[in-house]
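Here is a short briefing to read alongside the model. Have the sequence and the 3D view open as you go through the points.

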Amino acid sequence: QVQLVESGGGLVQPGGSLRLSCAASGSRFVIYAMGWYRQGPGKQRELVTVITSGGSTNYADSVKGRFSISRDNAENTVYLQMNSLKPEDTAVYYCNANYIRGGLVYDAWGQGTQVTVSS
């Protein structure tokens with residue numbers, strides 16, 4: 001089983017920046033994609049961005065040009081740099097990892113970290 005631990009959330013003013021981190025730990029696994037989802041107040045969880053082990057990325061239209069995902073494969077860690085934050089970015093951000101263990105594909109989730117954008 002893979003555990004994901006997130007950090008870096010908090011309160012920031014509109015236009016500010018935050019950097020989230022997510023570290024995966026466990027044994028005998030290979031991660032092929034990691035990403036971030038978010039769930040705002042009264043909203044469904046939505047994909048923010050994802051990055052594959054090869055470095056391919058995909059972003060939600062709402063964050064393109066403002067958010068950037070990066071990954072340290074050796075450390076099984078993914079980062080989300082969030083710039084030009086808007087109040088509508090307020091949400092709980094969840095880290096996600098798709099991994100292979102014992103020939104089977106699994107899905108892991110972090111506990112979530114709160115991001116609040118407010119003046």
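**Salt bridges and core at a glance**

R38 and D89 are both buried (buried means under 20% relative accessible area, exposed over 50%, partly exposed in between, with a 1.4 Å probe and protein chains only). This is a predicted model, where local features need pLDDT of at least 70, side-chain atom pairs count only at pLDDT 80 or more, and totals for chains, interfaces and linings use all residues. Residues are numbered from 1 along each chain as its sequence is written, and side-chain values use heavy atoms, with hydrogens and water left out.

**Salt bridges**

- The structure holds 4 salt bridges, each defined as a side-chain nitrogen of Lys or Arg within 4 Å of a carboxyl oxygen of Asp or Glu.
- R38 and D89 meet in one of them, at 3.0 Å from N to O. This pair links distant parts of the chain, with R38 in strand 4 and D89 in the loop between strand 8 and strand 9, 51 residues apart. Strands (E, at least two residues) and helices (H or I, at least four) are DSSP runs, numbered from the N terminus.
- D89 also forms a salt bridge with R66, at 2.7 Å from N to O. Here too distant parts of the chain are linked: R66 sits in the loop between strand 6 (57-59) and strand 7, 23 residues from D89. Both R66 and D89 are buried.
- E46 pairs with R38, their closest N and O atoms being 2.7 Å apart. E46 counts as partly exposed because its relative accessibility is 35%, whereas R38 counts as buried because its value is 6%.
- Together, R38, E46, R66 and D89 are linked in a network of salt bridges.

**Nonpolar core and surface patch**

- The largest nonpolar core has 30 residues, of which L4, M34, W36, F67, V78, M82 and Y93 touch the most other members. Such a core is a set of buried Ala, Val, Leu, Ile, Met, Phe, Trp, Tyr and Cys residues joined through side-chain atoms within 4.5 Å.
- Several strands each supply at least two residues of this core, including strand 3 (18-25), strand 4 (30-39) and strand 9 (91-101). Strand 9 gives the most, with 5 residues.
- Leaving aside neighbours within four places in sequence, L4 is in contact (heavy atoms within 4.5 Å) with residues including C22, M34, C95 and W109.
- On the surface, V30, Y32, I100 and V105 form a nonpolar patch with about 350 Å² of accessible area together. Patches are made of residues with over 30% relative accessible area and no salt bridge, with like charges joined within 9 Å and nonpolar side chains (Val, Leu, Ile, Met, Phe, Trp, Tyr) within 5 Å. The areas come from the Shrake-Rupley method with a 1.4 Å probe, and for residues only the protein chains shown count as cover.

**Strand pairing**

- Strand 1 (residues 3-7) pairs with strand 3 in the antiparallel sense over 5 bridges, where pairing requires at least two DSSP bridges between the strands. The bridge partner of S7 is S21 in strand 3.
- Strand 3 and strand 8 run antiparallel and are joined by 6 bridges. A23 stands opposite T77 in strand 8.

**Loop residues**

- N76, in the loop between strand 7 and strand 8, has a positive phi near 50° although N76 is not glycine.
- S84 also has a positive phi near 50°, and lies in the loop between strand 8 and strand 9.
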